[in-house]
Amino acid sequence: MEERQFSACIERMCSGDREALHDIYEAYVSYIYAVVSRVLPKREDAEDVTSEFFIRLWKISGTYRGGGGHRAWMAAIARNMAIDFLRKTKREVLTEDFADQAMASDAGLEQEVIADVSLSQALDLLKPKEREVVDLKIMGDLTFREIAAVLKIPIGTVTWRYQNAIRKLRRCGYE
Amino acid sequence: MSKDLKTQYRMLADSRTPDLWARIEKGLDRPDLGRADDTVPVRKNRRFQYDTLAAAAAACLCAAIALPVLIRGSAGGSMDRAGAPMALSEEGAYSDAPPSDASALSGSASPADEPDVYEESALEDIMPASGEDLSVTVEILDGGRPYAGGIIYAARMLSDDEALDGRKIKIFADDGSRTAYEAAGIYELTLHREEQAEDILYRIIE
């Protein structure tokens with residue numbers, strides 16, 4: 001969805017047109033769900049927050065100011081909602097631990113080329129933080145600068161994580 | 001054989017995304033939609049209540065720490081009153097039988113005669129062990145109270161060492177002390193740590 005189309009949908013939403021929200025939902029539910037799932041791996045939680053995101057989008061549509069990149073704007077809201085949810089439920093998702101596990105599995109893959117694996121299997125090779133960057137890059141078409149702003153990390157870290165992820169996926173035959 | 005990452009990635013994500021539109025529509029009709037609190041409602045009874053567990057654990061821990069202290073304090077107080085009734089009558093009565101040795105310091109006064117509660121326990125690991133001397137700068141916090149043949153003062157340590165700076169201690173000057181320590185005064189002192197039954201005092205030796 002182009003920026004102009006998104007702004008038009010928002011305007012329609014402001015006048016109470018639920019179909020406009022549905023258009024945005026159709027275009028971005030997978031993207032938002034992916035962003036939220038990176039913070040909340042449990043399916044039920046991710047579904048709750050993704051649903052609430054679109055409800056909130058409906059509610060705050062009047063506050064949207066175009067021109068800043070709606071995908072990054074939505075990703076930032078969705079991710080903050082997921083983090084708030086995590087805090088509220090007091091449950092810790094130790095992404096660092098997952099990262100360590102992934103790192104251990106990196107060792108044998110350094111030079112290995114795995115040609116015949118599904119994308120799902122290939123994505124399992126990525127660390128959660130690499131996966132988060134790939135989601136925003138591929139699903140959201142965000143620039144590295146936008147990703148850095150959403151994740152609140154330096155742009156160099158973003159590019160480094162993305163390059164690592166792409167290298168791993170490339171070994172599995174995905175370009 | 002190259003596979004198109006972007007296309008397949010999006011297809012995979014689409015296939016994994018549940019249909020949430022019905023839930024969203026229902027949510028749009030929610031009467032509380034206009035509320036200020038935008039947080040996502042948490043499903044109740046779905047996960048363990050860690051808050052409750054943490055509060056219960058904290059309460060147990062506090063009880064475990066406080067009870068022995070209270071019991072000891074109460075027992076010690078009774079013994080003190082039984083052993084030295086004169087000491088409780090009024091200030092100045094201490095001089096009736098001033099113990100000269102340090103070992104008598106704690107046994108002649110009730111807890112009510114002691115200065116406010118200070119955090120001596122925090123000093124356990126950072127002050128010299130019993131029998132050693134320590135040169136420190138202290139600020140006297142009160143006017144002192146008669147205590148077992150001398151005066152006991154509340155004091156705050158002033159030190160470059162963050163572990164020591166600001167620590168509150170009780171210091172004891174016996175009647176032979178040549179200096180009259182004044183509230184808010186700052187003094188360079190050499191202190192001798194003395195562990196009494198349930199207490200730690202720092203006797204001014206210089």
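This is a predicted model: local features need pLDDT of at least 70, side-chain atom pairs count only at pLDDT 80 or more; totals for chains, interfaces and linings use all residues.

User: What share of the residues in chain B is buried?
Analyst: A residue counts as buried when its relative accessible area is under 20%. Chain B has 206 residues, and the buried share of them is 34%.

User: Which residues touch the most other members of the largest nonpolar core?
Analyst: That core has 66 residues. Helix H2 (residues 18-39) of chain A gives the largest share of this core, 12 residues. The residues that touch the most other members are Ile24(A) and Phe54(A).

User: Which residues is Ile24(A) in contact with, leaving aside its neighbours within four places in sequence?
Analyst: Contact here means heavy atoms within 4.5 Å. With those neighbours left aside, the partners of Ile24(A) are Met1(A), Phe6(A), Cys9(A), Ile10(A), Met13(A), Val29(A), Phe54(A), Leu57(A) and Met74(A).

User: Where is Asp142(B), and which side chain of opposite charge is nearest?
Analyst: Asp142(B) sits in the loop between strand S1 (133-140) and strand S2 (145-146) of chain B. Asp142(B) is buried and has no salt bridge. A salt bridge needs a side-chain nitrogen of Lys or Arg within 4 Å of a carboxyl oxygen. The nearest side chain of opposite charge is 4.7 Å away, and it belongs to Arg145(B).

User: Which backbone nitrogens does the side chain of Asp142(B) reach?
Analyst: One backbone nitrogen is at 3.2 Å from this side chain, that of Gly144(B). Another lies 3.1 Å from a polar atom of the side chain, and this one belongs to Ala154(B).

User: Is Asp141(A), with its positive phi, buried, partly exposed or exposed?
Analyst: Most residues other than glycine have a negative phi. Asp141(A) has a phi near 55° and is found in the loop between helix H7 (128-139) and helix H8 (144-151) of chain A. Its relative accessible area is 36%, so Asp141(A) is partly exposed.

User: And is Ala184(B) buried or exposed?
Analyst: Ala184(B) lies in the loop between strand S4 (168-174) and strand S5 (186-195) of chain B. Ala184(B) also has a positive phi, about 75°, although it is not a glycine. With 55% relative accessibility, Ala184(B) counts as exposed.

Key
Residues are numbered from 1 along each chain as its sequence is written. Chains are lettered from A and ligands numbered from 1 in the order in which they are written. Side-chain values use heavy atoms; hydrogens and water are left out. A nonpolar core is a set of buried Ala, Val, Leu, Ile, Met, Phe, Trp, Tyr and Cys residues joined through side-chain atoms within 4.5 Å. Buried means under 20% relative accessible area, exposed over 50%, partly exposed in between (1.4 Å probe, protein chains only). Helices (H or I, at least four residues) and strands (E, at least two) are DSSP runs, numbered from the N terminus. Lys and Arg count as positive and Asp and Glu as negative; His and the chain ends are not counted. A polar contact is a pair of N or O atoms within 3.5 Å; within protein, one must be able to donate a hydrogen and the other to accept it, and residues adjacent in sequence count only if both atoms are side-chain atoms.
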